Amino acid sequence: MVDKLGELTRTHTCGDLRVGDVARDVVLLGWVHRVRDFGALVFVDVRDRYGLTQIVARDDQTLVGSAKRLRPEFVVAVLGRVERRAPDTVNPKLATGEVEVMATEIRVLSEAKNPPFQIADETPVSEDTRLRYRYLDLRRSRMQANLELRHRVTLAVRKYLDSQRFLEIETPILTKSTPEGARDYLVPSRVHAGSFYALPQSPQIFKQILMIAGMDRYFQIVRCFRDEDLRADRQPEFTQVDIEMSFATQELVFGLMEPFVQTVFREIGREIAAPFRRVPYDEAMNRYGSDKPDLRCGMPIEDLAEVFRGSSFDVFREAIESGGTVRALAVPRGAAYSRKQVDDLNEQARQLGGTGLVWARYSPDAHVQSSILKTAGEPTVRAALERAAGEKTDLLLMAAGEPLAISRVLGQLRLAIARKDGLLDANRYEPAWVVDFPLLEWDAGEGRFVSMHHPFTSPIDEDVGKLEIDPASVRAKAYDLVLNGTEIAGGSIRIHAPELQRRIFRVLKISDEEARLRFGFFLEALEYGTPPHGGLAIGLDRLVMILAGESSIREVIAFPKTAAAVDLMAGAPSKVDRRQLVELHLRPEA
């Protein structure tokens, strides 16, 4: 039997009541969390997103009988009086733990089937089950805390950017396909047969047009769409804080965004020191094997080419002579590793694509030990240890070959060791700007250079003259903000000169005609007085994921897709009615 709410109005949430409310008559509305039946006495925990309050039913047999019939997840209205709990029954884990509500009436507003997993306990549940029943998963305290944090962060973003005179302006969701990067999601037009809109991968062109329009400072918390393979920190639809400003320099962007990040981190009670470290792209790749280095564990990769140049160890000497190098990773306290542990690291390096590792260390009595001691000689091995090992207790892992390939392998090994040895402190945050990216990278599949970021990124002024003669060496006015090994923002100073934009398109093998078809409206806009401008986009999902201490952005998105881009709850994507396909001028399946 389901009761009616009628004119009943909630007086307090389930997280409000305190000792000061004792003797007050209250109305609570929420979900049954637990029921504890002691015969003539029944305790019912009632929950909403604000907290939990203990309800007591006793004395009145009808009332006790009503409480006994309650089941977890029933929606109830409770009328009663607040009482102070006896000292030995106080629950210090609850904000409401010093009081309880003596019920005078319990109304069942909605009954519930037995849920497929426990809401009251954070018991392990498969992700597919959680996403299939997301409306139940979102009732759990962890998910509600994550979404509340996301709300607070979003609010802090708006307040900060408003204080810096940014305007929040919406840009189109249905727009023109300008393929240059990830695949677009296409939307067929019913009105214009054979034509398609695209969902925006980002508002890039529109925010630049807003600068041409004189808006000066723009931001938007915007949904973006990319039809690409998924992983823990990627979804087909995601949210970014999109920012653009006129008359921008890299220093201006950094000066505005570092306080922005500090403001956001105060939402979890943390202070982040500024200015943030700056790491050139080449240094990031060479010393950490990644353009999004996790700096919490130190352990930079060192180049030992000069130590082994002319060495009697043929493998290293020949690698250097053929244009390669020797690089080393020092493992803190690794000198105490067993031979099996060292062999396991060697095998792991091979699985990561390396050709094998050479090791060196000091023994407890300070003698040099190494897998190449006899062939390379003690002076050379000792020189390598002195150059690359920070402490006598370090284990040095060395490899030879093509420089970037070695650093990538050692960089992945570095993170694996740091995770295994507990060197990545979850309570430590190390933000850094990665700067001086290459403007272009070679795409062997397409047989041409492509933009490392996007084709509207400005080259560094002194490199402009090399665009046609040595495009691979041209650096970009681009920057990424990385935090604990995750890229949380990326941006650049944009091209504002029409002729330079055309040159970039030509280097990208985009003909003048193709550029006109794809970007004609934008190229024309550049001709009407374009201020120098730049900005960045901050991945809101990734940022909140880090703030919440989660390992996947699915934990901070209300309704995410699976790794296969499927909405298990709604059953999307799905087939559509044949008539809809005909209306959209699409050919129905036979």
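Among contacts in this protein between residues at least 6 apart in sequence, 67% join residues at least 24 apart; contact here means heavy atoms within 4.5 Å. The structure is a predicted model, in which local features need pLDDT of at least 70 and side-chain atom pairs count only at pLDDT 80 or more, while totals for chains, interfaces and linings use all residues. Residues are numbered from 1 along each chain as its sequence is written, and side-chain values use heavy atoms, with hydrogens and water left out.

**Overall form**

The C-alpha trace spans about 95 × 75 × 55 Å along its principal axes. The secondary structure consists of 17 helices and 22 strands; these are DSSP runs numbered from the N terminus, with at least four residues (H or I) for a helix and at least two (E) for a strand. Of the 590 residues, 49% are buried. Buried means under 20% relative accessible area, exposed means over 50%, and partly exposed lies in between (1.4 Å probe, protein chains only). The accessible surface comes to about 28,900 Å², of which 51% belongs to carbon and sulfur atoms; the areas come from the Shrake-Rupley method with a 1.4 Å probe.

In helix H12 (residues 378–388), the buried residues are Thr380, Val381, Ala384, Leu385 and Ala388. They cover an arc of only 140 degrees around the axis, and therefore lie on the same side of H12. The arc is that of the directions from the helix axis to the C-beta atoms. Pro379 and Glu386, on the other side of H12, are exposed. An α-helix has 3.6 residues a turn, so residues three or four places apart point the same way.

**Loops**

Ser458 lies in the loop between strand E19 (448–451) and strand E20 (478–483). Beyond its neighbours within four places in sequence, its contacts are Leu439, Ala476, Lys477, Ile493, Arg494 and Ile495.

Most residues other than glycine have a negative phi, and most peptide bonds are trans. Phe247, in the loop between strand E10 (237–246) and H6, has a positive phi of about 55 degrees. Phe247 is exposed, at 56% relative accessibility. Lys509 has a phi near 65 degrees and is found in the loop between helix H14 (498–507) and helix H15 (512–526). The peptide bond from Ala274 to Pro275 is cis, with omega near 0 degrees, and a cis bond also joins Ala572 and Pro573.

**Charges and salt bridges**

There are 80 positive and 86 negative side chains, and the centres of the two sets lie 3 Å apart. A salt bridge is a side-chain nitrogen of Lys or Arg within 4 Å of a carboxyl oxygen of Asp or Glu, and by this rule the count is 55. Three of the pairs are listed below.

| Residue | Partner | N to O distance |
|---|---|---|
| Arg130 | Asp137 | 3.0 Å |
| Glu237 | Arg223 | 2.9 Å |
| Glu321 | Arg317 | 3.6 Å |

Both Arg130 and Asp137 are buried. Glu237 in strand E10 and Arg223 in strand E9 (residues 217–225) are 14 residues apart, and this pair links distant parts of the chain. Glu237 is partly exposed, at 22% relative accessibility, as is Arg223, at 32%. Glu321 and Arg317 are 4 residues apart in helix H9 (residues 314–321), so about one helical turn separates them. Glu321 is exposed, at 59% relative accessibility.

Methods. Lys and Arg count as positive and Asp and Glu as negative; His and the chain ends are not counted. The place of a charge is taken as NZ of Lys, CZ of Arg, CG of Asp or CD of Glu.
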